[in-house]
Amino acid sequence: MKILIATAVVAAFFAGTATAQDTVVPTAVMFDEGAVGVSLTGVVGDAANGRKVFANRKQGNCLACHANADLSEQSFHGEVGPPLDGAADRWSEDELRGIVTNSKLMFEGTIMPAFYIDAGYTRPLEKFDGKSILSAQQVEDVVAYLMTLKEN
Amino acid sequence: MNTKLLQTVAALSLLAGVAVAGEDATLIINDEETMVTEAAAPAHAENLDRIYSGWVFRADETQVLQMDDFDNPAFVFTDQGQDLYDTVDGTAGESCANCHGDVDSFAGLTAQMPRVNSDGELETLTELVNNCRTERMGAEAWKYSASQMTAVTALIGLQSRGMPVDVAIDGAAAPYWERGKELYYTRVGQLDMSCSNCHEDNYDVMIRADHLSQGQTNGFPTYRLKNAKLNSRHGRFKGCMKNIRATPFKEGGDEFKALELYVASRGNGLSVETPSVRN
């Protein structure tokens, strides 16, 4: 009976802080043909923050490789990857989540880094060892932002 | 040359009329020495058709700095290299000049470095200099990319300027070259990228404000506007690795030496441009 009460208390505690409990760790992300159908956090992505993460050179740094007219105030957009104007017309939310999480499962051999893996790379600088480039919520925020990039 | 570059060249030509520099410009130094900045790729660089000096990818104002030795900021440092070359250092009371005479006796050496020595070991020019210092001069070794070292190796490199890069990759060099090739194509770091991802698959493409080159080393040590000094090959490798959030190999270590040989070999046929100017 004591154990049951303890379990109930713990369950109640985590239910109150859904974000921590529901975060999918990098190794547990389920892919289906490169797409990820379930939110990594259960918290709706914040597109405005995603736009900042996208542009931040120490976070997404997406402009290093992708042009994006929505961020025309930022100079020098890269050309390594495809332009992202209209990305939401071409890809579903689940596909975009999969591409940001680990694009190698969608595009074999791509140069694009996986933004939500914390293992499987070699010789990382010590301060990045065991870490993902973005947090689960940052991925969700970037995906929410990408879903605003529509031309049609 | 890929389509995008051709389009850019065409657009530039229309706009500029007469090109002073640019992607289709010819690098002529001091109005007399013409450099080979584009050539057919050597057979062992099997994924490239053409090879291009990094000079080709730089902005006009950077290109121009290398076209006249009075404008080239690297010559401040090769002058320092000349002073070091002539100065006695160490317990044996020798200078470089005492044994080697005029530095032009080194003409041709840099075009062939790194190379395998008589002990079967791959040796870089930097190591040759330090071996002389410690074994013959009784002087302290310089740090691998110390300012004195890049000054002297740039001065020695200058003696080969205009000669084609021609490093040996066969015979005793083969295992080192294979090791370097393996490193070139191995992804590392949190960003999980290899040299080839940028410098073979995406050269001539903009990565943010940087025009990706083939990563050729024929102009090293090179003066970079970014840090206003001469930069060694291994120092540049280290910088690239940090950019992709990888723990760099050790400067002067076996990995970077092997990579130096492999990358140099991809430039066989380009002119030695040492000391070049890059951004």
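Begin by selecting F77(B), which counts as buried because it has 22 C-beta neighbours inside 10 Å; a residue is called buried if 20 or more other C-beta atoms, placed from the backbone, lie within 10 Å of its own. This is a predicted model, in which local features need pLDDT of at least 70 and side-chain atom pairs count only at pLDDT 80 or more, while totals for chains, interfaces and linings use all residues. Residues are numbered from 1 along each chain as its sequence is written, and chains are lettered from A and ligands numbered from 1 in the order in which they are written.

F77(B) sits in helix α3 (residues 74-86) of chain B; helices (H or I, at least four residues) and strands (E, at least two) are DSSP runs, numbered from the N terminus. Leaving aside residues up to four places away in sequence, show T150(B), A151(B), A154(B) and L230(B), which F77(B) touches, contact being C-beta atoms, placed from the backbone, within 7 Å.

Next, select L230(B), the bridge partner in β10(B) of Y223(B). Strand β9 (residues 222-224) of chain B and β10(B) run antiparallel, joined by 3 bridges, where pairing requires that DSSP finds at least two bridges between two strands.

Finally, move to chain A and select helix α5 (residues 93-102), where 8 of the 10 residues are buried. The buried residues of α5(A) pack against α4 (87-90) and α6 (136-146) of chain A.

Note on methods
Buried ≥ 20, exposed ≤ 12 C-beta atoms within 10 Å, placed from the backbone. Contact = placed C-beta atoms within 7 Å.
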